[in-house]
Amino acid sequence: GFALFAAFVIGLEPCEGAISEARYLQAHAMLRQELEILAQLKAVGANRRKPNGAPNVAALEQSLGRLYGGLSAAAHVSRHDIVQSATAWDGEVDDLPGPTNMTRYFPETNEGLARRSYALHIYMIIRLVEELSVDLSFRHKSAAFTAAENEALNLAIDLMAAEGMLEVVVDAGFNADTYK
């Protein structure tokens, strides 16, 4: 399990950089890997990890599992509409009549996509912290989350909901008492 946690942490900075640099196809490939790491952690925790296979994202909450297909399409550049939206040039070009359909070879910021991508990234970090809490409390009973740490995670989720970055459903918040 520790190697999976480490792999996730090592990928934090490149993923955040790709999002902030408007390299969305690459960022979504990394977000997909974060989802797969979370799924593997769930499988390890349930003692159902396959030694040579893709993780079963069905083990994740439904809202995360639904995103897997789109992230996979971005990672595999298998859907033309996704690739085209990441490379389309909508800017004006001098001396060309009428609308044009052009491809750009540089990143261009899409505020909505960047915000949604970053929200997903942060949410998966929160879920990773929850998995780490479960793992640590299983290995070391004294390592359970404190009330202050639990409150900090719940505040992060509340802030994301207040900013419109995610929708919170009943009992979606992290509760360390569940894992004691």
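How many helices and strands are there in the protein chain? I count eight helices and two strands, where helices (H or I, at least four residues) and strands (E, at least two) are DSSP runs, numbered from the N terminus. Read along the sequence, the elements follow the pattern α-α-α-α-α-α-β-β-α-α.

**Ground rules**

I note that this is a predicted model, in which local features need pLDDT of at least 70 and side-chain atom pairs count only at pLDDT 80 or more, while totals for chains, interfaces and linings use all residues. Residues are numbered from 1 along each chain as its sequence is written, and side-chain values use heavy atoms, with hydrogens and water left out.

**Whole chain**

I looked up burial and found that 34% of the 180 residues of the protein chain count as buried; buried means under 20% relative accessible area, exposed over 50%, and partly exposed in between (1.4 Å probe, protein chains only). The accessible surface of the protein chain comes to about 11,300 Å², and 55% of that belongs to carbon and sulfur atoms; such areas come from the Shrake-Rupley method with a 1.4 Å probe, and for residues only the protein chains shown count as cover. Among contacts with a separation of 6 or more, residues 24 or more positions apart account for 65%, a contact being heavy atoms within 4.5 Å.

**Largest pocket**

I then turned to the pockets. On a 1 Å grid over the protein atoms alone, a pocket is an open set of points where a 1.4 Å probe fits, with protein on both sides within 12 Å along at least five of seven lines, and lining residues have an atom within 4 Å of a point. Grid points are joined across faces, edges and corners, and a volume is the space filled by probe spheres set on the points.

The largest pocket has a volume of about 1,000 Å³ and is lined by 38 residues, of which Leu67, Arg116, Ser117, Leu120 and Met165 lie nearest its centre. At least two lining residues each come from α3 (24-45), α4 (62-65), α5 (68-75), α6 (80-87) and α7 (111-139), and the largest share, nine residues, is that of α7. I sorted this lining into 20 nonpolar, nine polar and nine charged residues, with Ala, Val, Leu, Ile, Met, Phe, Trp, Tyr, Cys and Pro counted as nonpolar, Asp, Glu, Lys and Arg as charged, and the others, Gly among them, as polar.

**Second largest pocket**

The second largest pocket has a volume of about 300 Å³. Of the twelve residues that line it, Leu41, Val44, Gly45, Glu131 and Val134 are the closest to its centre. The elements that give two or more residues to this lining are α3 and α7, and α7 again supplies the largest share, here five residues. The lining of the second largest pocket divides into six nonpolar, two polar and four charged residues.

Which residues of α5 are buried? I find Tyr68, Leu71, Ser72, Ala73 and Ala74 buried there, and what covers the buried residues of α5 includes α3, α4, α6 and α7.

In helix α7 I looked up tyrosine 123, which is buried, with a relative accessible area of 11%. Leaving aside neighbours within four places in sequence, tyrosine 123 is in contact with Glu61, Leu64, Met160 and Leu166. The C-alpha atoms of tyrosine 123 and methionine 160 are separated by 8.7 Å, although the two residues are 37 residues apart along the chain.

**Positive phi**

Valine 77, in the loop between α5 and α6, has a positive phi of about 40 degrees although it is not a glycine. Alanine 22, in the loop between α2 (12-20) and α3, likewise has a positive phi, near 65 degrees, and at 9% relative accessibility alanine 22 counts as buried.

**Aromatic pair**

The structure holds one aromatic pair. Tryptophan 89 and phenylalanine 106 form this pair, which is edge-to-face, at 5.4 Å centre to centre with 70 degrees between the planes; rings of Phe, Tyr and Trp (its six-membered ring) pair if their centres lie within 6.5 Å, and planes under 30 degrees apart count as stacked, over 60 as edge-to-face and the rest as tilted. Tryptophan 89 sits in strand β1 (residues 88-89) and phenylalanine 106 in the loop between β2 (102-103) and α7, 17 residues apart. I record tryptophan 89 as partly exposed at 22% relative accessibility, and phenylalanine 106 as partly exposed at 40%.
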